[in-house]
Amino acid sequence: MPGLLPALGWLAHAQVLTSQNDNARTSANPHESILTPANVNSRQFGKIFSLPVDGDVYSQPLYLPNIDVPGKGRHNVLYVATEHDSVYAFDADRPAEPLWHVSFLNSKAGVSTVPGADVLCPFIRPEIGITPTPAIDLESGTLYVLARTKVNPGLLKTDRYTQSLHALAITTGREKFGGPAVIRAPGFDGLRELPRAGLLLAGGQVYLTWASSCDVGPYHGWVMAYDAHTLAQTAVFNTSPGASESGIWQSDAGPVADSQGHVYCATGNGVFHAGLDWGDSLLKLALQGHTLVVRDAFTPGNQSLLNQRDLDLGSGGPMLAPGGLLLVGGKDGKLYVLDSEHLSQPRQVLEFRGGLYAAPAYWNGHVYVLASGDYLSDFTLTAGGLSKTPTAMGRQRFGNPGATPALSADGKRNGIVWLIETKAWNAEDRPAVLHAYDAANVDHELYNTEQIPGRDRVGRTLRFTIPTVVNGLVYVEAKGEVDVYGRWPSR
């Protein structure tokens, strides 16, 4: 895209290109100088506007500043994907009509979203379209999106249930590289396989992963790599070629990539046969030509029991901390601290009150964890691992499913822990709640959206959402909208 790179060369300090801010999945934005523990309170901070969209928003919004949108000038841009198979580009700073909007539906050709009822276990309802968080390639100016559609076979001779990788220009939303690329692999079922974990862009490849809709079989776990500049399929890895299951869902958190290009992802329930079927395992994958190979793996010693009791290791997403420590936890409430160079034996195992349906977050020598039914916990990170007990804990006990925290800070100061309190299984219509805590002392809650509900209340909640915090604003996903929070104008 001629002329794009000079305009974007300074963007490293204010951008969100992928799920949880980076490929280590730390969930930290260390370039936030506007929001501080001193000004995030109900007197100075609250909801400033909402962005209505045509479907539910499970994916984390992405952000780029100073984008030149043809015919509309330069804008800080927020990218939002919905379960109605839409992608929006909004001005990130004010309520306005979208800068552009694309839909992957076509009623005349019989192309619709996937009805939740079709998957027999509609955790995502009433429709399924775009669930995983997209990823942005800044160098080429491309937004990668994985979308699901249903096609009436009487109108269009193609697969009835289709999943496609789209490559969209960040300035216009137009398809690039001859896309979209339809996802195909031997044994891959476009209806059964559900993508939830965020997309990963690493080493010129777009990595996609799949699990299922609450264990409705038959299904497999999958990792697929696509060339980021041609959309050609590079490699396919099936986590259970000799069996089934072992899906990758990670409570919507993304796979990790390290500086050597290895990809780490956690699998859920399924049988374990060493070297073949990888139930309840943390996998370290490497791309060799057109093959994804397992370089290393960690499987808990009680994997068979985990499988029998539906205690997936893969319910929690991995996070790579400084020093090569890899953290991952599952439904049994155990957080494993692993050496990314030698995964087989954990350095530490920490236990929580409830299951881990989220990823940890890292900032400034601290790791923040919120398990289901537990308190927000802050652990100190050392070269050997985490402190055996929390350095600090919040006062509120959260219900199912806990949350993946997000961190904002100005370098090593003014840290804030943000999280979205989402619904329990039986609380379909409750509002989400945005919480903010002082990262230096999580016992101190700075703000939540129920302090002044008439002014600040979030829309109806969705599970596993992660806030986006950038440039003085906080973006919160909900049913049919994104709510935007920031400082009130000076009076």
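Me: What do buried, partly exposed and exposed mean here?
Reply: Buried means under 20% relative accessible area, exposed means over 50%, and partly exposed lies in between (1.4 Å probe, protein chains only). Take R455: with 28% relative accessibility, R455 counts as partly exposed. D456, at 0%, is buried.

Me: What should I know about the model itself?
Reply: The model is predicted: local features need pLDDT of at least 70, side-chain atom pairs count only at pLDDT 80 or more, and totals for chains, interfaces and linings use all residues. Residues are numbered from 1 along each chain as its sequence is written, and side-chain values use heavy atoms, with hydrogens and water left out.

Me: What is a salt bridge, and how many are there?
Reply: A salt bridge is a side-chain nitrogen of Lys or Arg within 4 Å of a carboxyl oxygen of Asp or Glu. The count is 14. One of them joins R455 to D456, with the closest N and O atoms 2.7 Å apart. Another joins K47 to D483, at 3.8 Å between the closest N and O atoms.

Me: Which strands form the open sheet, and in what order?
Reply: Two strands pair if DSSP finds at least two bridges between them. Here the order is β2-β40-β39-β38, with antiparallel pairing. β2 (45-52) and β38 (468-470) stand at the edges, each with a single partner strand, so one side of each has no neighbour in the sheet.

Notes:
Helix = DSSP H or I, 4+ residues; strand = E, 2+ residues; numbered from the N terminus.
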